[in-house]
Amino acid sequence: MFGVFNAQIKFEKGYFINNSGQKNEVLIKNLDWKNNPTEFEYKTEENSKVNKETIKNIQEFSVGTNQKFIREEVSIDTSSEDLNKISSEKNPVFIKQTVFLKYIIEGKASLLSYTGTLSNTKRYFYTVDKNKAQQLIYKPYLVENNQITYNDEYKKQILTDLKCDINSTDILSVNYKQKDLTNIFIKYNECSNAEVINFSKVNKKKDLVNLSIRPGVVFSSFDITNYYERNIDFGSQTTFRLGLELELILPFNRNKWSVFVEPNYQYFKANTEFIINEKSRERSIDYKAIQIPIGIRHYFFINDKSKIFLNVAGAPSISLNSKIVFSDDPKATKTSTGVPMVLGAGYKYNDKFGIEFRYSNESLINNYLGWDSNYKTVSIILGYTLF
């Protein structure tokens with residue numbers, strides 16, 4: 001079952017070059033690494049056994065059309081960019097490491113990147129004419145009065161080593177960001193009439209933002225408890241819901257993670273009668289709200305067109321004049337919700353059609369001492385992705 005769920009993480013055509021300089025055309029498991037890898041799995045043929053290679057034995061490897069790594073022994077600045085850990089030292093703190101650097105631009109001047117497992121901070125490296133890779137230096141540090149300033153030596157490095165059609169005016173606006181650095185390296189290679197491969201362009205993924213309409217059916221129940229009366233059950237009912245979901249696919253790990261927000265309209269209206277101390281009492285609820293789940297989703301791919309998913313979300317609500325009425329108390333009680341957890345599981349086909357089963361349980365009375373309530377919902381939600 002685990003293998004089926006991970007089918008979308010495929011073994012794709014690639015190659016590796018070992019320490020002897022031998023190039024091997026193989027199928028490499030493409031994990032779309034967020035952090036630069038130190039090892040990879042491969043097969044020599046589709047139905048052959050899975051093998052593993054490590055950075056110790058491999059000089060270079062490539063998988064698919066969008067990822068190429070080269071082994072380099074480099075000096076990496078390990079200074080923290082965490083606001084609570086920034087030092088007052090201007091100079092970078094280097095350590096030597098052997099890593100796989102990832103190509104962003106390959107040409108006469110190449111731009112590469114490295115993100116380690118201990119820190120999500122991305123470091124950029126460059127080479128000119130296949131020379132040893134050097135880090136482009138950029139470091140925030142503290143000065144007087146805890147002000148943050150920046151060592152932006154990378155601008156000087158570019159001016160010194162990329163002299164073709166690059167001037168100080170160009171460098172002033174270059175931030176230590178992949179897009180800005182990519183543009184500078186492309187400009188240099190084009191000026192040098194060098195052949196260039198832009199992996200950042202190849203890596204660009206489409207459909208990272210999805211907008212879906214999400215109608216559905218809600219099976220809900222509501223009850224109240226307090227210290228003085230027995231449990232008051234308002235029964236269960238079936239209602240309809242309508243939602244609009246905005247989903248952002250996170251650009252790593254083969255698009256298996258996303259974050260989403262889905263405003264949706266829900267309502268529950270009911271009344272009940274009961275006898276306490278030989279007196280008839282009546283309770284009614286009129287609940288209307290815009291629920292706004294904000295959460296994270298993980299996909300398990302079955303094949304190229306089918307995938308299942310699990311998601312969890314916090315779901316604050318905006319009440320639309322909702323109230324609970326007591327026949328023996330002329331004052332209506334306004335509902336007051338917290339931020340309940342919402343759990344869901346579903347299936348999506350062809351990135352267009354989906355179905356989700358969702359569960360939530362929340363209290364609608366949080367502002368009365370001694371009172372509690374349970375508003376439980378089980379929803380069946382259909383989805384159609386507009387774009």
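**Exercise 1. Overall composition**

Task: State how many helices and strands the protein has, and what share of its residues counts as buried.

Solution. Step 1: the protein has 5 helices and 26 strands, where helices (H or I, at least four residues) and strands (E, at least two) are DSSP runs numbered from the N terminus. The model is a predicted one, in which local features need pLDDT of at least 70 and side-chain atom pairs count only at pLDDT 80 or more, whereas totals for chains, interfaces and linings use all residues. Residues are numbered from 1 along each chain as its sequence is written, and side-chain values use heavy atoms, with hydrogens and water left out.

Step 1: of the 387 residues, 45% count as buried. Buried means under 20% relative accessible area, exposed over 50%, and partly exposed in between (1.4 Å probe, protein chains only).

Step 2: contact means heavy atoms within 4.5 Å. Among contacts between residues at least 6 apart in sequence, 58% join residues at least 24 apart.

**Exercise 2. The nonpolar cores**

Task: Identify which residues of the largest nonpolar core touch the most other members, and which element gives the largest share.

Solution. Step 1: a nonpolar core is a set of buried Ala, Val, Leu, Ile, Met, Phe, Trp, Tyr and Cys residues joined through side-chain atoms within 4.5 Å. The largest has 21 residues, and Leu136, Ile158, Leu162, Leu181 and Phe185 touch the most other members.

Step 1: two or more residues of this core come from each of strand S7 (94-106), strand S8 (109-115), strand S9 (122-128), helix H2 (153-161) and H4. H4 provides the largest share, 5 residues.

Step 2: Ile158 is in contact with Leu136, Ile166, Ile171, Leu181 and Ile184, residues up to four places away in sequence not being counted. A second, separate core of 13 residues includes Ile224, Tyr287, Ala289 and Ile365.

**Exercise 3. Residues in strands**

Task: Is His298 buried or exposed, and which residue's backbone oxygen does its side chain reach?

Solution. Step 1: His298 belongs to strand S19 and counts as buried because its relative accessibility is 13%.

Step 1: the side chain of His298 reaches the backbone oxygen of Lys256 at 3.2 Å. It also makes a polar contact with the side chain of Trp257 (3.5 Å); a polar contact is a pair of N or O atoms within 3.5 Å, and within protein one must be able to donate a hydrogen and the other to accept it, residues adjacent in sequence counting only if both atoms are side-chain atoms.

Step 2: for comparison, Leu246 is placed in strand S15 (residues 232-249) and is partly exposed, at 42% relative accessibility. Leu246 and Ser212 are 34 residues apart in sequence and 6.7 Å apart in space, C-alpha to C-alpha.

**Exercise 4. Positive phi in loops**

Task: Where do Asn145 and Asn193 lie?

Solution. Step 1: Asn145 is in the loop between strand S11 (139-142) and strand S12 (148-151). Its phi is near 60°, a positive value in a residue other than glycine, and at 70% relative accessibility Asn145 is exposed.

Step 1: Asn193 is in the loop between helix H4 (178-191) and strand S13 (197-198). Phi of Asn193 is near 55°, also positive in a residue other than glycine, and Asn193 is exposed, at 74% relative accessibility.
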